[in-house]
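Let's take a walk through this one together. Have the viewer open and follow along.

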Amino acid sequence: MNLKKNFASRLSLRVMLVTAGLMFTVTLLSALFAAATVMREADTVAEKVLDNAILEIEQVITEVERAVDNVDWMVEQHLNDEEFLFTVTRELVQSNPNVIGSAVAFEPGYFKGRPYFAPYSYEGDESHEIHSLQMGNEQYDYPTLDWYQIPKLLGRPYWSEPYYDDGGAGQRMSTYSMPLKDGDGQLIGILTADISLDWLSERVASIKPYENSYTLLIGRNGSYIAHPDPNKVLNETIFTSALEMTDTTAMRIGREMIAGHRGMEMFLNDNEESFMVYGPLSNGWSMGVVCTYKDIYHNVNVVIVILAFLLLIGLVALFFGIRSLIRKQTMPVVEFSNSAMTIAKGNFNARIPEVKSKDELKKLRDSLAYMQQSINEYIVELKSTTAANERYESELNIARDIQMSLLPQNFPQRDDCSLHAMVQPAKEVGGDLYDFIEVGDSIFFMVGDVSGKGVPAALFMAIARAAFRFIGSLGLSMAEVMGRVNNCLCDGNKNEMFVTIFAGHLDLKTGEMRFCNAGHNPIVIVGPDGKASFLRAKSNLPVGLFENFPYEDETIVVERGSRLVIYTDGVTEAEREDKSQFGEDRLLEWAGKLNPSVSSTSAVLDLYAHVKNFTRGADQNDDITIMSLLMK
Amino acid sequence: MNVTINEDGAKALVKLEGRLDTTNADQFMKDITPLMNGAHEEIDVDCTDMEYTSSQGLRMFLMLQKNVSARGAKLVLRNMKPHVKEVFDITGFSHIITIV
């Protein structure tokens with residue numbers, strides 16, 4: 001299938017391209033809109049996740065704090081009961097799954113004068129058995145540690161910064177410390193509960209709204225409490241991480257977080273376009289959820305891919321649908337085309353398919369039918385015109401035959417003279433004529449040229465020829481012959497037609513020639529020596545003009561061996577394309593070069609050939625007549 | 001063939017230019033029809049720029065001459081080129097048409 005040559009396909013393709021353009025634009029706008037929506041939603045989702053995460057961690061913290069609060073009064077009532085103090089810490093660990101260790105650390109010297117006394121219970125890392133011990137000694141000088149010293153100084157409960165405890169549990173932890181006071185409000189020790197940061201990290205790590213998102217928890221000074229990368233916990237702070245980034249936004253986020261603010265910020269996280277929602281926890285910690293835009297775009301991209309796929313299917317369906325529709329609609333055009341082709345091949349009555357609709361197709365169908373009708377009418381007309389032309393042409397040919405038969409073709413076969421003549425009409429019939437009559441040892445000859453040419457001239461030529469032949473045979477003088485022919489042609493000549501005639505009567509014994517020139521071209525005489533000259537004669541009017549015009553004849557003696565060349569102006573006025581004429585000079589030049597003794601037939605044909613050679617194929621504009629009479 | 005006719009009272013001044021042959025004889029006839037139908041006492045034809053005339057052309061001059069003679073007017077052809085004049089001489093037309 002050639003898509004470009006098929007109208008239906010081409011149109012469908014165009015419609016489809018336009019539709020594709022529109023759909024593409026709509027899809028693009030939808031995608032942008034979807035992206036904006038997804039972005040907004042992503043913020044909301046991230047915030048919700050953050051809120052949930054904060055809530056979850058707060059719950060843990062609250063549970064721990066409440067557990068410590070709950071045992072506080074019991075400890076204060078059994079300050080001297082060593083056994084009980086161990087049991088309390090043990091119970092605290094056992095009944096609170098979030099608590100991995102608990103201690104009652106006394107001020108140095110308070111408990112029975114001992115420099116260090118701190119009953120401590122902790123959960124074994126793997127066995128989950130609870131071990132108890134007294135952890136204070138000279139190596140583990142707990143009163144100097146943060147978890148002891150800071151709440152002591154602050155005088156209120158405190159969550160420690162994350163640290164690695166090497167006193168017992170041997171893991172990373174954060175400790176909730178509550179100051180213990182006696183009846184006077186004097187500090188006597190610190191009651192603690194530890195939570196495992198590994199465990200916290202695990203819980204936090206499981207909070208992620210998107211595939212590449214993660215959640216982090218930092219302490220008051222920015223150190224990581226929970227982070228998907230466990231190596232960062234304890235070892236790094238949010239600020240040391242930010243230092244490695246080119247985007248300083250991370251640094252600002254860190255400051256905002258430790259200031260206990262809530263917010264949302266976009267930043268380049270290790271060159272990954274991201275955003276972070278963060279919020280404070282009640283104990284001074286701060287939690288953040290980091291999401292990459294990659295994940296969010298991914299969702300948008302999925303939508304776009306689905307849309308594009310649907311678009312493609314839709315377009316293909318549209319293409320085939322439209323094409324089939326157009327094909328169906330334009331089927332009559334194909335049928336019209338076939339009909340037109342049939343008509344063009346000559347079957348003018350080919351059936352043109354009917355159209356029921358009243359639209360452009362109906363118009364086309366009517367036009368085609370009208371054309372068919374017009375062609376049929378035209379053909380009928382053409383046939384009759386052609387027939388008329390053929391009839392006219394054949395009649396002209398018959399006329400030509402008749403006219404040619406009027407000109408004698410049986411030239412005299414004599415020893416004392418050679419006579420030949422020819423007429424070449426410019427059209428089928430012409431107005432030139434020649435004639436000759438042998439009268440004993442004399443010969444009577446004439447060449448005439450009727451004004452104009454074609455059928456009118458031919459008719460007049462026929463009259464002139466008949467008149468001349470009859471009157472010429474009466475044996476009258478040349479002047480008398482010319483006068484009578486003139487009167488005969490003047491009779492009823494309303495169209496002012498006339499004939500120029502050169503007529504002569506040559507006595508072949510004596511060479512005496514009587515002649516009359518009625519307005520005709522001067523004849524050429526070529527002497528026996530080959531010298532050619534024009535015979536200048538008295539000018540008489542052409543015959544047919546004025547009745548009773550007195551024609552005059554003259555007499556000369558023609559030397560034996562001389563040749564007379566009589567012609568019509570078709571010879572001297574034969575023209576080339578450039579309008580230059582053969583002329584009298586060329587005629588005389590030709591005559592002068594002619595072999596004096598050559599036969600008249602050869603002389604006539606030679607002159608005609610010369611004229612034709614001169615005109616170089618230009619249209620002949622007048623009848624040509626040539627006669628040669630050689631007196632031997 | 002170009003025919004220009006100017007009128008000077010009862011006199012018609014005609015100027016002929018170019019060739020008068022079979023192809024334009026009919027047009028020439030139409031061009032000089034006003035002279036045939038008019039009542040000019042004298043028709044003065046300037047032939048200075050006339051290059052050629054065929055026997056058909058001669059016939060037109062003859063018809064004009066006969067028309068003019070019939071109503072007692074005068075036709076004069078002037079300044080004819082020698083080779084054109086020759087045609088009028090050969091055919092004897094110079095006997096019936098005034099050429100000066």
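Start with helix α12 of chain A (residues 583-593), which lies across β18, β19 and β21 of chain A and runs at about 20 degrees to β18(A). Keep in mind as you look around that this is a predicted model. Another helix, α13 of chain A (residues 600-615), packs on the sheet too, touching β13, β21 and β22 (624-631) of chain A. The direction of α13(A) makes about 145 degrees with that of β22(A).

So what do the strands themselves look like? They form an open sheet of five with antiparallel pairing, in the order β13-β22-β21-β18-β19 (chain A). At the edges sit β13 (417-424) and β19 (532-534) of chain A, each pairing on one side only. On average, neighbouring strands here are turned by 15 degrees against each other, if you ignore direction. Zoom in on β18 (residues 524-526) and β21 (residues 563-567) of chain A: they run antiparallel and are joined by three bridges. There you'll find A:V526 standing opposite A:R563 in β21(A).

Now hop over to a helix pair. The axes of α7 (residues 293-344) and α8 (residues 360-406) of chain A come within 11 Å and cross at roughly 10 degrees. With angles under 35 degrees counting as roughly parallel, α7(A) and α8(A) are therefore roughly parallel to each other. Among the residues that meet are A:P332 and A:F336 in α7(A), and A:L361 and A:L364 in α8(A). The contact divides into seven nonpolar, two polar and one charged residue.

Finally, chain B: 13 of its residues are in contact with 17 residues of chain A. The largest share of chain B's side, six residues, comes from α2(B). That side divides into five nonpolar, six polar and two charged residues.

Key:
Residues numbered from 1 in each chain as written. Chains lettered and ligands numbered in written order. Predicted model: local features only at pLDDT ≥ 70, side-chain atom pairs only at ≥ 80, totals over all residues. Axes fitted to C-alpha atoms, helices over the stretch in contact; angles between N-to-C directions. Helix = DSSP H or I, 4+ residues; strand = E, 2+ residues; numbered from the N terminus. Parallel < 35°, antiparallel > 145°, perpendicular 65-115°, else oblique. Contact = placed C-beta atoms within 7 Å. Nonpolar A, V, L, I, M, F, W, Y, C, P; charged D, E, K, R; others polar. Pairing = 2+ DSSP bridges.
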